[in-house]
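Me: Could you go through this structure with me? I'll ask as I go along.
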Amino acid sequence: MVGPGSEAIGNVPAPMTFNSVEYAVFLSAVLLVYWRLPRRPQNLLLLAASYVFYGWWDVRFLGLLVLSTLLDWVIARRLGATERDRARKRWLGLSMASNLGILGFFKYWGFFVESGTEVLEALGVDWAAPTLQVVLPVGISFYTFQSMSYVIDVYRRRIEPSPSLVEFATYVAFFPQLVAGPIERAEHLLPQYGRARACPDRDAVESALALILLGLVRKVVIADTLAPIVADGYAPGATGGAALLAFYGFAFQVYGDFAGYSAIARGSARLLGFELMVNFDAPYRSPNPTVFWRRWHISLSTWLRDYLYVPLGGNRRGMGRQLVNLLLVMLIGGLWHGASWTFVVWGGIHGLLLVGHRLWMLRRPQPPARWSHPLRVLLMFHAALVAWVFFRAPSFTAASDLFAALANPLQGLEAGPVALLVAAAAASTLLDRLVVAGGDEAHLVRLAPVGQGLALGAALVALVVYAGGTPVPFIYFQF
Amino acid sequence: MRPPAVTVEVPPPRARRRWLPTVLAALAVVVGAELGAAALGPYLPAPDLWADAATATKVAQLDALGHEAGCVDVLLLGSSMTRDALVPARFQAADPSGRRAYNAALDAAGPVLLDRWVRHTVLPRVEVGTVVIGLASFDLNENARIVASALEAHERAPYSARGLANELEAWVIRHSALVRHRGELRDPVEVVRAVRSWTEGERAARPNPDGIPGVLAADGHGLSRRALRYTGDPGPQRFVRDQLLNDFQITERSQEALARLVEGLQRRGIDVALLLLPVTDDYVAQHPAGAADQARFEAAVAAVAERTGAALVRAPSLPEEAFADTHHVNGAGADRLSDVLPGLLADADVGRRC
């Protein structure tokens with residue numbers, strides 16, 4: 001598997017990316033027709049547009065998306081129609097088995113077969129594993145989790161099953177967030193398809209465009225600038241200096257890439273009259289792992305909390321069980337990202353950090369001194385950096401090579417990449433400070449008119465300078 | 001009697017956002033950045049606007065030719081083989097009527113690339129009387145890797161890429177220093193260096209008509225192989241086998257591309273000669289079918305010449321000492337070919353002046 005940030009997403013062709021001219025034309029065309037239609041045809045148009053968007057990459061995998069949608073819609077309807085617990089459990093089990101079966105086959109088949117073979121070989125068993133070349137459908141982890149949460153919520157009677165197949169199918173396939181989230185909850189997004197949508201007013205359009213512009217700056221200016229620097233550091237035989245830059249650079253690359261995607265998704269959705277959840281809230285300003293996971297990929301961390309941690313017992317069954325649950329959830333969260341043990345280790349490190357923080361809080365329940373806040377932020381940031389190495393490295397060998405190279409951090413350190421990294425990190429921090437208020441990036445539109453103009457001008461200049469060439473796919477598309 | 005008072009609920013006045021300060025501030029930033037880029041531009045490294053530095057230099061030379069004379073009697077076209085083999089200054093000296101020549105050959109340029117290069121870049125800059133197209137077997141090899149990658153680079157370069165979006169981008173690049181220099185502005189070290197050069201008044205080098213020292217002469221001919229001599233090294237042979245003659249195949253399509261190039265020139269009233277360039281025996285031996293493939297190539301060129309009415313000219317064979325490698329001639333070989341070319345063209349009855 002190719003590591004994140006490389007030119008291609010694995011060995012598969014890239015879908016229509018938000019940072020491409022194709023997407024700008026596509027979104028404009030959809031908007032042009034969309035706001036001339038009444039609600040029901042609007043939903044139909046959104047569904048058709050979402051399938052075109054997904055089929056742009058590979059039309060064959062539309063079948064998978066449609067199958068997953070039909071299954072969960074029918075199962076949820078059955079769940080809503082019966083009161084018998086055993087039947088309800090059976091339907092829920094069928095939904096979980098089919099969703100996880102599809103996900104497991106397309107995403108984890110090779111991983112499990114390879115791992116199983118290695119274990120058997122270690123035990124001295126010679127087993128010829130069946131090999132299949134399975135192409136990973138873009139966004140499968142995201143839409144599967146979204147669809148599963150709907151069925152679980154219907155099972156828990158938190159929501160009613162959707163009577164409209166079109167509305168549910170659009171909820172699963174909604175193109176702004178189909179391939180990389182935010183992973184929306186049915187109770188938040190689904191009712192929005194049933195309501196009449198007013199054409200966004202000027203404030204909504206302004207804030208939507210601000211979100212899209214900010215997302216593009218995060219992606220094109222910050223993440224894509226850092227991508228080659230990070231790739232150099234993870235290349236075999238990289239110098240200590242290159243490794244050091246990659247060590248720090250990837251944190252800002254992956255944040256710019258993913259937060260940029262989420263912002264463009266939210267902006268695009270807002271132009272269509274929908275509100276998507278905030279996915280990032282200045283995560284590198286977190287003083288501890290618990291806060292970090294409240295601010296990083298919020299839609300996934302809350303999904304894992306609500307649909308995995310809580311059902312496992314959460315913190316209701318004693319401290320020991322709580323710590324085990326935390327670790328288990330983070331290990332599974334790691335594996336959700338990619339079919340590789342490096343992702344599991346990434347999740348494991350975060351799990352251990354959460355466990356450690358929980359134990360520390362037990363020993364020292366009083367709030368820490370204010371003066372220590374910057375130190376704790378710095379410490380948490382570096383702990384996240386260590387974990388990111390396993391997320392980015394294509395193998396454990398590559399990860400250990402990077403750590404080994406870090407022993408000589410000044411070797412071959414070049415001024416150009418250092419300056420770029422510092423500039424990118426500063427820009428990322430400035431964006432967090434300037435435009436994020438409680439996770440709401442649209443705060444930018446509340447600046448004074450001249451301040452807005454200066455920010456807009458700076459963003460345009462930055463995009464002019466840093467755009468161009470073939471659009472780099474988003475890192476999270478591979479998940 | 002006074003009418004009863006009517007209470008009308010008036011919605012609170014909507015706070016009107018002031019657009020003008022926002023737009024003006026944004027505009028000020030963009031204009032400031034554009035002016036800054038324009039001021040710093042001459043001190044930044046040359047932007048990559050063409051496929052390579054040699055192409056950029058040839059464009060500068062063609063621009064200069066266009067300004068000076070506006071016309072070239074004999075234009076020499078082809079790949080690096082032609083670039084190294086024909087010296088325009090020697091041609092002019094050997095030509096009884098002293099026709100002016102220019103070597104517009106490009107690295108690894110096959111007929112498709114040459115067609116685009118001539119139509120979009122050369123002919124809009126200078127008038128041409130006669131075109132001599134130097135050819136070797138790999139030019140017609142449908143699968144030649146190096147020819148494909150040169151064409152790809154040409155199609156990707158901002159100033160030679162075609163299509164509405166690319167041409168729009170090229171227009172913006174021509175008119176905006178910020179866009180033109182964006183590649184260099186992304187590198188903070190280059191920016192600092194440029195600011196320092198600005199204060200010292202030292203402009204950065206740009207492609208210019210004088211050529212590239214040791215690589216390209218002012219008349220467009222190649223200098224890098226003049227002093228070399230082929231010694232039968234296996235390296236160049238392997239390169240020929242893997243990059244030029246790989247999966248050797250002359251198809252209808254490759255002949256059609258050459259014919260299209262010739263006919264396009266003829267439609268503009270330009271005389272065309274197809275020149276079969278000399279190669280070493282080692283080069284011929286690298287074809288999958290050896291001399292039979294070389295013969296197939298020569299027959300294909302002859303067929304195109306017959307179909308289009310272009311003159312077919314065969315350059316004299318040269319001894320191995322006249323080669324820099326398996327197929328490029330060295331200085332001695334280039335001088336010899338350039339000296340005999342006027343006579344060959346006269347024999348073929350081509351040589352219209354512009």
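Reply: A definition to start with: two strands pair if DSSP finds at least two bridges between them, while strands (E, at least two residues) and helices (H or I, at least four) are DSSP runs numbered from the N terminus. The model is predicted, with local features needing pLDDT of at least 70 and side-chain atom pairs counting only at pLDDT 80 or more, while totals for chains, interfaces and linings use all residues. Residues are numbered from 1 along each chain as its sequence is written, and chains are lettered from A and ligands numbered from 1 in the order in which they are written.

Me: OK, which strand is joined to β4(B) by 4 bridges?
Reply: That is β5 (residues 311-314) of chain B, which runs parallel to β4(B), and there L276(B) has R314(B) as its bridge partner.

Me: And how many bridges join β3 of chain B to β4(B)?
Reply: There are 6, with β3(B) (residues 127-135) and β4(B) running parallel, and I133(B) stands opposite L274(B) of β4(B).

Me: Why is β4(B) largely enclosed?
Reply: Because 5 of the 6 residues of β4(B), residues 271-276, are buried, where buried means that 20 or more other C-beta atoms, placed from the backbone, lie within 10 Å of the residue's own.

Me: Switching topic, how many residues of chain A are in contact with chain B?
Reply: 20 residues of chain A are in contact with 20 of chain B, contact meaning that C-beta atoms, placed from the backbone, lie within 7 Å. On the chain A side, α17(A) gives the most, with 13 residues.

Notes:
Contact = placed C-beta atoms within 7 Å. Buried ≥ 20, exposed ≤ 12 C-beta atoms within 10 Å, placed from the backbone.
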